[in-house]
Amino acid sequence: MDYSPIWISLKTTLCSTVITFFLGILAAWAVVRMKNRRMQVLADGLLTIPLVLPPTTAGFFLLYLFGANRPIGAFVLDVFDFKIAFSWLATVIAAVVISFPLMYRSARSGFETVEQNMIDEAKMLGLGNVSILARILVPCSWPSILSGLILSMTRGMGEYGATAMLAGNITGKTRTLPLAVYSEVAAGHMDRAWVYVVVILFVAFWAVCLLNIFTEHERRIRL
């Protein structure tokens, strides 16, 4: 029994969740502060599009960008002598891109519930934009942010299509839990596949329970 997919998935999920957490909050903050409504709609569409794209299509674009002979991939290979595609880093990139919209939209939803009067008063007291984000927007939107964190974490752990396109399915290197399930089923090893499936179900179950708790807490706050 190969337990490396569990370890690889845990590492990938941890790293992608941390990255997505900060990127999602910063992106939501930037979009909410936009004064031009058309630019806001355009930015929101671009940031959300990975959520509605088929994962393999997102993986195609990622491979086009990070492939060894492609713009970003070629630059990193020349400067750092490191190949992004089909490396463990590629699993993190794929998970971040696919799970990012969930964190972004949850954070933005929370920020938009904060009363503008509170923000205006904070500005009158001399607080800067960063201080307003850290002291007002994030604390007041914490239930939404936690919900987004959980959703993006589980989405990152369950990512398959984009990961397969950009990182491949390399045993002990890029084979995450969803890829391991597919590989074992394809090889006819249903008993091994079940082990991976149980791990995914366990994480998903507790994630849903936590999500329900935070959702209920947010509902009570709004009431």
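Arg-105 is partly exposed, with a relative accessible area of 39%, where buried means under 20% relative accessible area, exposed means over 50% and partly exposed lies in between (1.4 Å probe, protein chains only). This is a predicted model, in which local features need pLDDT of at least 70, side-chain atom pairs count only at pLDDT 80 or more, and totals for chains, interfaces and linings use all residues. Residues are numbered from 1 along each chain as its sequence is written, and side-chain values use heavy atoms, with hydrogens and water left out.

Arg-105 is found in helix α5; helices (H or I, at least four residues) are DSSP runs numbered from the N terminus. When residues up to four places away in sequence are not counted, Arg-105 touches Asp-44, Thr-48 and Leu-51, contact being defined as heavy atoms within 4.5 Å. With Thr-48 there is also a side-chain to side-chain polar contact of 3.0 Å, that is, a pair of N or O atoms within 3.5 Å of which, within protein, one must be able to donate a hydrogen and the other to accept it, residues adjacent in sequence counting only if both atoms are side-chain atoms. From Leu-177, Arg-105 is 72 residues apart in sequence and 26 Å apart in space, C-alpha to C-alpha.

Ser-141 sits in the loop between α7 (129-140) and α8 (142-157), and at 1% relative accessibility it counts as buried. Its side chain reaches the backbone oxygen of Gly-110 at 3.0 Å, and, again leaving out residues up to four places away in sequence, Ser-141 touches Gly-110, Phe-111 and Val-114.

Phe-111 also belongs to the largest nonpolar core, which has 21 residues and in which Ile-25, Ala-107, Phe-111, Leu-133, Leu-137 and Ile-145 have the most contacts; such a core is a set of buried Ala, Val, Leu, Ile, Met, Phe, Trp, Tyr and Cys residues joined through side-chain atoms within 4.5 Å. Two or more residues of this core are given by each of α1 (4-32), α5 (88-112), α6 (116-124) and α7, and the largest share, six residues, comes from α1. Beyond its neighbours within four places in sequence, Leu-137 is in contact with Trp-29, Phe-111, Val-114, Ile-119 and Ile-132. A second, separate core of 13 residues includes Leu-62, Ile-84, Ala-85 and Ala-167.

A search of the whole structure finds seven aromatic pairs, a pair being rings of Phe, Tyr and Trp (its six-membered ring) with centres within 6.5 Å, where planes under 30 degrees apart count as stacked, over 60 as edge-to-face and the rest as tilted. Two of these pairs are set out below.

| Pair | Geometry | Centre to centre | Between planes |
|---|---|---|---|
| Phe-21 and Phe-22 | edge-to-face | 5.1 Å | 85 degrees |
| Tyr-160 and Tyr-182 | tilted | 5.9 Å | 55 degrees |

Tyr-160 lies in the loop between α8 and α9 (161-166) and Tyr-182 in helix α10 (residues 177-186), so this pair ties together parts that are 22 residues apart in sequence. Tyr-160 counts as partly exposed at 33% relative accessibility, and Tyr-182 is partly exposed as well, with a relative accessible area of 49%. Phe-21, by contrast, counts as buried at 15% relative accessibility, and Phe-21, Phe-22 and Trp-142 form one aromatic cluster.
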